[in-house]
Amino acid sequence: MQRRSEMLVCMPLDRRLPAVVVVTRQGHQLVGCRFVVRVDYWERSSRYPRGHVTRVLGRLNDLRAESDAVLVQCGINYKPFCEAALSELPRVTRPEDWRVPSRERSNRRDLTGPEYFVVSIDPVGCTDVDDAMHVRFLPPAPEPAPAGRHHQNTHVAGEGGTQDEAGERGEGAGEEGWQQRVEVGVHIADVSWFVAAGGMLDGEARDRCTSVYLVDRRLDMLPGLLSEQLCSLRQGVERLAVSVIWTLRRRRTQPQQQLGKLAARSNGDGAGGDGGVDAGREELEEYEYDVEDVWYGRTVIRSRHQLHYQQAQDILDGRAASLEDALPSEHVAALRRSLVVLDELTSQLHARRVAAGALELASAELRFQVDPSSGAPCQVECKHKVHMMDIVAEMMIAANSAVAERIATAFPGCALLRSHPPPRPQAFEEIRALLEPHSGGAQVDPTSNASLAAALERACATAAASDPAAATLIKSLATRAMSEAQYNSSGTTPPGTPLSYHYGLALQYYTHFTSPIRRYADVVVHRQLLAAISGAPPPQLHPDLAAAAAVMNMRHRQAKAAQKECSELYLLLLLHAQPHVEKALVCGITPTRLELFVPRYHLRGTVALTDRKGLPRPPLRPGQPDGHDAEEDPFLASERRGLRLMTTQEEVSITDTATGTIVWRVRLGQSVSVRLSAADHRAHGPKLALRVLDNGHSEPLPRANAQAQQPPAAAAAAAAAATAPPGGGAPALPLPLRMLVSLRDKAQAQSQPQSQGLQQQCAAAGPAAAARPAFGQSHSGVTSAQAHDGGEEGFGALAAAAAAAEPLRMPTPPSLERVGVHRLGLQGLQGHGPSRVGKEEEAAEVALGLAANSALGAPAAALVVAAADPLITVAASGAADDGVISAAAAAVMGGRGGEGRKGGIGAASMVALSSTWDGEG
């Protein structure tokens with residue numbers, strides 16, 4: 001039997017887009033699903049565009065489907081690697097069987113000897129290890145080079161022998177002019193050796209441009225054999241790398257008097273640790289580093305240890321490691337000496353950049369713990385930052401800058417550089433008001449990073465003195481005001497000019513070199529560096545490189561947006577299930593709203609100061625109900641009518657007009673307690689909802705707020721149980737509520753025979769129908785008639801029950817009249833004769849009858865859901881009536897008109913809500 005065409009009104013995930021009408025024969029499979037729609041055309045006389053379904057993502061509220069929808073919204077279309085690309089991978093049975101080819105080893109610098117203590121430092125559980133580092137103490141040179149001389153030669157530096165005692169302690173230089181030669185190397189996975197330029201695998205990586213890190217998975221730029229095995233600088237195995245190795249002179253600058261103070265302190269209280277003066281010598285002494293030589297080239301390395309950040313920080317601080325992080329004592333001693341050198345070196349490099357105008361910005365990275373069975377988020381925490389992260393980041397910045405200068409010198413017209421322009425004046429205006437009061441009367445110039453950095457430092461220091469969260473707010477706003485860094489060909493942004501300058505890092509030369517496993521730009525830079533040191537022509541000319549840079553910028557922007565939106569999705573899902581109470585800062589005031597900033601999550605949101613009737617909304621008191629029921633409560637409304645809201649640019653106050661008492665007042669920059677939750681929406685997904693709380697609220701979630709997350713019937717039962725007297729009996733309800741209960745009981749008594757007969761017939765229709773919730777009952781924000789639609793099985797069982805029962809003839813509730821359901825061909829509800837075209841129409845009529853019959857037996861919120869979200873059935877023939885479709889969409893959207901924008905719509909993630917069409921599309 002051929003199915004008829006059905007017309008679906010589809011709601012986009014993006015709230016800014018209009019509904020889209022889709023004509024399909026598979027409507028029963030799309031109801032309650034997320035899917036992708038391609039817009040075909042938009043007639044001038046039609047309010048909604050027409051489109052077709054291209055891909056089904058999954059069921060509503062399914063985490064995988066929701067995260068796939070985020071990818072679609074961000075323009076990321078991830079597909080498995082093609083067979084031609086996979087055929088270019090090394091032929092190995094197991095990754096452990098791969099060995100460095102002997103011919104390749106002879107062409108590289110071998111850093112696998114015992115004198116090279118190479119380690120990687122990454123987050124816990126990292127598998128795609130891009131970078132590793134080593135520190136080696138060299139014997140003193142016969143003729144030391146003058147301090148401060150900087151070379152960037154491309155010759156192979158001498159191996160320098162082993163890390164002997166004389167080289168490590170710098171003997172022979174004398175205490176007065178004590179100095180030491182140190183070798184510091186940054187080693188990056190040599191992806192370019194495995195991915196040949198112009199091949200199929202290179203084409204796949206060029207199309208992806210970057211790996212995408214989501215909460216529940218990672219979309220790799222390269223196949224797993226490379227990203228997690230052969231290219232990853234894993235512990236204990238030989239790997240190919242491209243290295244930058246500096247030869248440095250380490251000079252002591254701390255006065256000798258400090259050593260006497262250290263000796264006195266060690267002898268006085270015994271706190272000298274491992275041997276008094278020598279153990280604490282490096283902790284008090286200060287050193288300066290001068291670059292003697294820089295070497296670039298291909299290497300073979302073997303990582304001794306794969307450390308995580310906290311493990312490396314414990315070694316640097318001299319703290320005992322946990323059992324799972326324990327290392328041999330001789331390795332710990334060698335690692336600590338190396339980490340001390342890296343700490344000193346990066347502190348000097350960072351200080352130089354800050355002096356040049358580098359910005360200290362802030363952002364939050366959220367980490368989620370998920371339920372192993374369902375994958376739903378159950379806990380969130382901000383990424384814990386340790387000093388070791390800054391050390392590793394500064395070393396990577398140094399390597400990126402050194403490589404950028406090398407390739408820009410070799411290829412001034414076609415080197416891939418990364419520039420960062422100053423912030424746009426329009427975006428900077430929001431932060432200017434926070435900075436200039438602390439600038440001593442001077443105007444902050446956003447075109448100068450030094451001026452902005454000084455103003456940020458002064459403002460953050462002043463704000464942190466009163467509230468550290470205020471300093472976080474200033475840095476977060478400054479981060480939002482920044483322009484986006486971009487990849488460019490040096491033919492577009494000439495090196496050494498303001499066009500190629502990196503505003504945030506205060507570096508004239510910068511590129512991306514240190515993460516080729518997850519960024520294609522780094523692979524391109526590797527090829528350019530190897531061509532530069534071998535004297536070969538540039539791998540790509542300017543036109544091709546400029547076009548590739550534009551694609552890199554687009555893909556990087558898409559990946560960043562997907563990571564951010566996926567993190568926000570998981571946070572909102574968590575807040576929907578477990579509302580949080582957090583501290584927030586008032587960062588903006590409008591006549592009817594407060595703009596709040598939550599420092600813990602770096603979230604910004606608004607709180608309405610008035611309800612839908614325009615009455616003031618004071619902070620929520622303990623035990624006070626909230627939500628739609630609270631706004632409709634006549635007693636609370638009467639209380640709010642006696643309040644007056646006063647707002648200025650600096651302050652908000654709510655005053656009792658009868659007594660003149662200030663009920664609540666808050667100033668700009670003041671902290672308030674706020675409840676973070678998520679308002680559910682069946683089509684658009686959860687949305688952040690903030691509610692200011694009274695000071696009487698404690699940190700745990702109030703009982704009333706926990707009830708608000710339950711289904712309406714369960715919340716009503718919990719409220720009734722909470723108000724019941726201790727000895728039992730009827731709850732002590734106010735007189736108006738007792739009158740409503742009496743009317744409800746009377747209506748239930750009149751309709752009980754019909755309801756019992758219908759329930760018996762539904763039970764006889766089959767266990768599948770009996771197992772489904774009643775129509776109008778809400779589950780996860782989706783009306784059960786749509787969320788549990790199982791095609792012929794679901795509607796068939798229900799329609800069979802409807803055919804055997806006497807159809808209900810109930811007057812249309814006022815809420816149904818308000819949304820215009822009586823205009824959609826359902827006059828049978830008003831006694832004007834049935835409007836039945838098939839089983840689905842009978843099921844819809846029964847659904848509306850059940851909703852109307854149970855209206856008095858449900859709270860007001862349930863009435864709105866049952867009345868505003870029925871399965872809307874349109875019976876017509878011939879061409880589609882656009883007015884009928886508009887009315888159907890308006891009813892589905894809760895009365896919202898659905899004014900749409902014309903043009904400019906591509907693919908969007910949609911959800912089918914409600915309409916079936918009997919006739920031609």
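Trainee: What percentage of the 921 residues of the protein count as buried?

Mentor: Of the 921 residues, 48% count as buried, where buried means under 20% relative accessible area with a 1.4 Å probe and protein chains only. This is a predicted model, in which local features need pLDDT of at least 70, side-chain atom pairs count only at pLDDT 80 or more, and totals for chains, interfaces and linings use all residues. Residues are numbered from 1 along each chain as its sequence is written, and side-chain values use heavy atoms, with hydrogens and water left out.

Trainee: How many helices and strands are there in the protein?

Mentor: The protein has 30 helices and 29 strands; these are DSSP runs numbered from the N terminus, helices being H or I of at least four residues and strands E of at least two.

Trainee: Which residues are buried in helix α7?

Mentor: In α7 (residues 200-208), the buried residues are Leu 201, Asp 202, Gly 203, Glu 204, Ala 205 and Arg 208. Their cover includes α3 (83-86), α6 (191-194), α8 (224-230), α17 (520-534) and α18 (542-577).

Trainee: And what follows α7?

Mentor: Cys 209 follows α7, and its phi is positive, near 70°.

Trainee: Turning to packing, at what angle do α11 and α12 pack?

Mentor: Helix α11 (residues 309-317) packs with helix α12 (residues 329-355) at about 90°, and their axes are 8 Å apart. Axes are lines fitted to C-alpha atoms, for helices over the stretch in contact, and angles run from 0 to 180 degrees between N-to-C directions. The two helices are therefore roughly perpendicular to each other, a term that covers 65 to 115 degrees.

Trainee: Which residues make that contact?

Mentor: From α11 come Ala 312, Ile 315 and Leu 316, and from α12 come Val 332, Leu 335, Arg 336, Leu 339, Val 340 and Asp 343. Contact means heavy atoms within 4.5 Å.

Trainee: What about α11 and α13?

Mentor: α11 and helix α13 (residues 387-410) pack at about 100°, with their axes 8 Å apart. α11 is therefore roughly perpendicular to α13. Tyr 309, Ala 312, Gln 313 and Leu 316 of α11 meet His 387, Met 388, Met 389, Ile 391 and Val 392 of α13.

Trainee: Finally, how many cavities of 30 Å³ or more does the structure hold?

Mentor: It holds 13 such cavities, each a set of points on a 1 Å grid over the protein atoms alone where a 1.4 Å probe fits but cannot get out. The largest cavity has about 80 Å³ of space, a volume being the space filled by probe spheres set on the points.

Key:
1 Å grid on protein atoms, 1.4 Å probe; cavity = no way out; pocket = protein on both sides within 12 Å on 5 of 7 lines; lining within 4 Å. Parallel < 35°, antiparallel > 145°, perpendicular 65-115°, else oblique. Buried < 20%, exposed > 50% of the residue type's maximum accessible area, 1.4 Å probe, protein only.
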